[in-house]
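Please look over the sequence and the model together before reading on. The report below is meant for someone meeting this structure for the first time.

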Amino acid sequence: MKLPVYLDNNATTPCDPRVVEVMLPYFTEMFGNAASRSHSLGWAAEAAVDHAREQVAMLIGASPGEIIFTSGATESVNLALKGVYEMYAGKGNHIITTAIEHKAVLDTCKHLEKRGAQVTYLPVNNEGLPDLRELEAAITPQTILVAMMYANNEIGVLNPVPEIGAIAKKHNIIFMSDATQAAGKIPIDVIRDGIDLLALSAHKMYGPKGVGALYVRRKSPRVKLTAQMDGGGHEKGMRSGTLNVPGIAALGKACELCLQEMDADAKRLSVMRNRLEAALLQLEQSYVNGSTLHRLPHTTNLSFKYIEGETLLMGFNKTIALSSGSACTSASMEPSYVLKALGLGDDLAHASLRFGLGRFTTDEQIDFAIRTVTDTVNKLRAESPLWELFKDGTEMDTLSWAHQQNATGKQ
Ligand SMILES: *Cc1c(COP(=O)(O)O)cnc(C)c1O
């Protein structure tokens, strides 16, 4: 078995070789600019883009004319939020979102706040779910947009999207959903779900990095956006710039494969995920973070109390590639804001690992992960003064995280 075992598919997925095969000719023989109308190379590129637009639309129940190609979900989200904010300025300036959105949404909202937007960040309960009565109560005559993700990237929890869509529709408010984690993994239908704007990204669904799409509803209602990129008027003027033809062809193929294989992948991966989860929950003081009922089939987020996620990752000695909720990137050592929003204390938030299975995950890899995580947790706890205190019956909640960090020697 090749190491590391990759269980970080919520961060990015490998490209499916069938996707790579489709994109390759557009670098060499068919390198035309999709906007070149005067020769066959341009026509071939345009045909590839048109085909991909159909494939993307098909995946989410949209029509091809409603798909705008972008450089990824971050750009799609920026275009959606800023584009709506500017276009509907005459109607109002209030946006409703949640505390556990991806940074692409949260940071764009922060930016809009500096430009005069009023943003409501709805809390979530301990399962990671919003209260829809709170959503409805937050709506004012100034509300122009509800931005709520389809599935959370850290815990995999699914929002009640059709219900959110119905509330938005009832109040005549545009509904944007960041579906980057859900698209291609579970069935999405923008009509059924009442979604007006939807962001997705190729590299989370076995396509390449740097390409994505924004769905923009054209009927009931017709959603309008101000462009955030000015230039040659590509993508109906909503996103100028020469199209990334190889990437777009790849995104199209990735969508087609997901549509074909979604059901089988979801079944297979949920069995593996459940097996992994059940085995790791055998460990004392281990917990699942977020709803297990409303969740993506391939994700589980677990906390192993009294062990820091990053320490655990180091304990795997590079044999498993995955993420922890313990941010080492920030100087503040703040743990995952998503887990904190679920009400987890710093200790449990720091002690978390996110397992993201994918199309290429094997049973053998899951066996390896179960063994490695179990052995590492047991080993680290055996060496841990904290664990010893816990086993001796000391009331751990009286110790602050600062003490715990000192006790584990964490800087
Ligand atoms: C990965 C991710 C993004 C960002 O997508 P990029 O294509 O990398 O810009 C946005 N939202 C969610 C939920 C994600 O998981």
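## Basis of the description

This is a predicted model, in which local features need pLDDT of at least 70 and side-chain atom pairs count only at pLDDT 80 or more, while totals for chains, interfaces and linings use all residues. Residues are numbered from 1 along each chain as its sequence is written, and side-chain values use heavy atoms, with hydrogens and water left out.

Helices (H or I, at least four residues) and strands (E, at least two) are DSSP runs, numbered from the N terminus.

## The sheet

Seven strands form an open sheet with mixed pairing, and their order is β2-β8-β7-β6-β5-β3-β4. At the edges stand β2 (67–70) and β4, each of which pairs on one side only, where pairing requires that DSSP finds at least two bridges between two strands. From one strand to the next the twist averages 20°, an angle taken between axes that are lines fitted to C-alpha atoms, for helices over the stretch in contact, and that runs from 0 to 180 degrees between N-to-C directions.

Strand β3 (residues 94–98) is largely enclosed by the rest of the structure, because five of its five residues are buried; buried means under 20% relative accessible area, exposed over 50%, and partly exposed in between, with a 1.4 Å probe and protein chains only. In a regular strand the side chains alternate between the two faces of the sheet. Both faces of β3 are covered, with H94, I96 and T98 buried on one side and I95 and T97 buried on the other.

On one hand, β3 pairs in the parallel sense with strand β4 (residues 118–122) over five bridges, and within this pairing H94 stands opposite Q118, while I95 has V119 as its bridge partner. On the other hand, β3 pairs in the parallel sense with strand β5 (residues 143–147) over three bridges, and there the bridge partner of I95 is L145.

## The bent helix α8

Helix α8 (residues 245–280) spans only 44 Å between its end C-alpha atoms, whereas a straight helix of 36 residues would span 52 Å at 1.5 Å a residue, the expected span being 1.5 Å times one less than the number of residues. A kink of about 60° is centred on E261 in α8, the bend at a residue being the angle between axes fitted to the seven residues ending there and the seven starting there.

At the start of α8, a side-chain oxygen of N244 lies within 3.0 Å of the backbone nitrogen of G247.

Two cis peptide bonds may be located in the model. The bond from L3 to P4 is cis, with omega near 0°, and P4 belongs to the segment before β1 (5–6). The bond from S220 to P221 is also cis, with omega near -5°, and P221 is placed in the loop between β8 (212–216) and α8.

S220, found in the loop between β8 and α8, has a positive phi of about 35° although it is not a glycine, and S220 is exposed, with a relative accessible area of 54%. N317, in the loop between α9 (309–315) and β11 (320–321), has a positive phi of about 50° and is likewise not a glycine; N317 is exposed, with a relative accessible area of 56%.

Conventions
A polar contact is a pair of N or O atoms within 3.5 Å; within protein, one must be able to donate a hydrogen and the other to accept it, and residues adjacent in sequence count only if both atoms are side-chain atoms.
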